[in-house]
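Try each task before reading its solution.

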Amino acid sequence: MTGNIDHIQSDAHIQSYGKLLGVLAILLFLTALTIIVSRIHFGGANIWVALIVASVKSSFVLLFFMHLKYESILIKASFLATIGFLSILIGFMFWDVAFR
Amino acid sequence: MEIIGKISYMETQATQPIKSFYETPSPSRFTGIGAWLLTIDHKRIGLMYMASVMVWFVIALILGLLIRTELMATGSTIMEAETYNAIFTLHGVIMIFLFVIPAIPAIFGNFLLPIQLGTDDVFFPKLNLLSWYLYMLGGFLAILSLFADGPPDTGWTFYVPFSVSTETNVGLTVTAAFILGMSSMLTGLNFITTVHRMRMPGMKWMEIPLFTWSLYATAWVQLLATPVLSITLLLVILERIFGSGLFDPSKGGDPILYQHLFWMYSHPAVYIMILPGMGVISEIIPVFSRKSIFGYKAIVGSSMAIAVAGSLVWAHHMFTSGMSDVAVFVFSFLTFIVAIPSAIKVFSWVSTMYKGSILMTPPLFFSLCFIYLFSIGGLTGLVLGAAGTNIQVHDTHFVVAHFHFVMFGGTGFAFFAALHFWWPKIFGIMYNFKRAYVAAILTTTGFMLHYIPMFILGIMGMPRRYYDYLPEFQTGNFFAGIGAYILVAGVLVMLLNLLISFKNGETSPSDPWGGTTLEWSIPSPPPLHNFVESPKPKGYPYDFTDIVRSNSLNSNDSLNRGSKL
Amino acid sequence: MIVNQSDSNYTDDKTCDAVGSHTDNENKHYDIVGSRTGMWLFLYTEIMLFGGLFVLYAAYYRMYTADFTGAGKELDILMGSINTVMLLVSSFAVAASITAIQKKSRKVALAFLGFALFLGAMFLVNKYFEWGHKIDLGIFPNSPLMEDSSHGRVLFFSLYYTITALHAIHIIIGMTLLAVTMAFIMTDKVTEHKYVLLENAGLYWHLVDLIWIFIFPLFYLIY
């Protein structure tokens, strides 16, 4: 459980402004990258490239802006489970949609 | 109303050393009705759910009886076809969203989960109260839809395109279901946080009672599956207002996708309904067998497995909808996998009783009926899960019989068992055993006579939701109607018996049954903060050594008194 | 805990909601981690809520790939990119405001939050013009133009309007949360000792950003 009531959040992890700015820079770079890449014609693979870049971007937001990196295993595991559940819903629906 | 009766009853007991939660409002500045409506005490909130859920249950029960009365003879018997459509829709909506889903988690979960974890409340008490208000708001809107523009006639599934094109007031009912979904979701959120953050110090995961475990598994399904229903219902509303075309074939939309989205929630919801019921049975069986539950870890594991596997099989409701054959094959196969964890539980319960010292009581009697009826429900589910036979009986009365065996014979009977099991804990009084047995026998007999003919009718080919039928279905429908009346009579006897106990029920000791989980270690009814002294972790929750030893000394005093009433 | 039998002890000490009017008259701790856990669980429900729409997107993209890529070209990439950048920067500002409050500089935290609020408002203004432009062109559900369009194009724009509208509603909720948090910081209810409300409001804001990170390529960039 948590510590003394007076200093209950003082032992929390502090991320420096520099580090957060660095993350922002990466995010902006990835945004530019995904726009540029979308202009290149990969055919059917375009959407996958876009999704992969989006996933990388959201990982940065999650890990650093949302402090997921410093959260307990419960949050990490349950977050992945949620994403897994959503992927199963979409994926299993394709048993129908892809084989009509 | 029963609650107010209870307060006056408790006032006569003012000499009791420890004040129960009925006498100590929380927050303490509120008194009278405000002490209930503004309370943040999980026990009071549980009881407010009990009062409201029971009202809905009786209403939906009567609606169901009207349906069966109409079907007892061919042609128009007591109502017109439009009324019939509205009534079976409301019966379904109320039973599912206002009774079966909230019944066990919201009433007994709220009341007992913190106690079983050895803590004094849920993690977010105000959110808990908000859930109740959302529940009431949803119920209110459902009632309102009766009086505005005609009640909906779509069935509880709100299938497009009919739900988009019908003139009746689908929008309001759908909004009601949306709000009820939020209520259920927030309860789940609260329970998960409570289990993770508020277990008493020293309580390990494998020491959590099985009822709480089942609520925990349920809570995850509530949390992750309900939003899918919310967005689906929202889309139906958008479709009706703006004609967005997402499910409209004339604009390229695909109605089958609506069915996918709907069952992505509603099949997991079946496990939201049954898992807490299984948890109740897992508590009752060991207590009255005086024997540790067989396969504690297997039951825990199967609860979680059901929660996971139950989310993968939604499309077995859609074998005849026109989806791809590959999907029919895959989902049929997956459906068979879900049967395994359910069977593990049934075997565990039966094995617990084997060579136990069985003590027959009304809660155990209801639990035994549960195991029997649920097994039939589960096995007929395999008939429906197998694609070949499913296509034969799809949308017939066979389906109706199957899911009533699971939802009513399963969750409903588990709910009755829970009522009788925890009644002395919640109200501090014991009901009459003889009348409880009569009620249980009537209910079960009526149940069988009611639903067994439907299996036969279904195999003969009688479709569900039809207002009229061919002459050869007359006999079966007539008997089903008779069964319905016996069933309802049984339920009424049961409820009356419980209500009478407020008037002349005997005071119950803290542990009338010889239970070992934490709720039996505290006074009945519990004090505001649940525990007079800090509870100590007992390790494994189902150790009956002490109970058996003390029983041999004073031979079950309280139970003998209870049965003589 | 030992329960004292006098009535005076039965006060509001059961309260431990996220907003947190906590009175510690027993040895009960305000559980920050639990409060944040609750917020994460709530975010999962939001993910699944939008998830339902992404289910539809996936299916219709598969059925009408050519129409979707065609309709995607009609959206204004510049507007979409500006909105993306604004949300990312605002997300950074909210994350930085937590760092600021941890470093006990409440004024800096307020400035960051104010900046994030401003960007959120600009996002909505931008969205308003974008929607307005599309509606001027006659692109909206059930419009005469859409009745003559291909099925895939109708569905693409229906999904576009539904998802962006739902997302805009979440922006408004997130802005409200941020504004409430700012008020709490000003009245010293959120301090360097207890800022879980700021963290939770921040989590919500980041989630809104996360969802946009997926909306942007799926609608503006499919080619």
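Buried residues make up 48% of the 223 residues in chain C, where buried means that 20 or more other C-beta atoms, placed from the backbone, lie within 10 Å of a residue's own. Please keep in mind that this is a predicted model, in which local features need pLDDT of at least 70, side-chain atom pairs count only at pLDDT 80 or more, and totals for chains, interfaces and linings use all residues. Residues are numbered from 1 along each chain as its sequence is written, while chains are lettered from A and ligands numbered from 1 in the order in which they are written.

**Exercise 1.** Work out how many helices and strands chain C has.

*Solution.* Start with the definition: helices (H or I, at least four residues) and strands (E, at least two) are DSSP runs, numbered from the N terminus. Counting gives 7 helices and 0 strands in chain C. Along the sequence, the pattern reads α-α-α-α-α-α-α.

**Exercise 2.** Find how helices H4 (residues 106-136) and H6 (residues 151-186) of chain C are placed relative to each other.

*Solution.* First, take the axes, which are lines fitted to C-alpha atoms over the stretch in contact, with angles running from 0 to 180 degrees between N-to-C directions. The two axes come within 10 Å and cross at roughly 160°. Next, apply the cut-off: angles over 145 degrees count as roughly antiparallel, so H4(C) and H6(C) are roughly antiparallel to each other.

**Exercise 3.** Check the length of H7(B) and decide whether this helix is enclosed or open.

*Solution.* The expected span is 1.5 Å times one less than the number of residues. For the 28 residues of H7(B) that should be 40 Å, and the end C-alpha atoms are 41 Å apart, which agrees. Then look at burial: 26 of the 28 residues are buried, so H7(B) is largely enclosed by the rest of the structure.

Notes:
Parallel < 35°, antiparallel > 145°, perpendicular 65-115°, else oblique. Buried ≥ 20, exposed ≤ 12 C-beta atoms within 10 Å, placed from the backbone.
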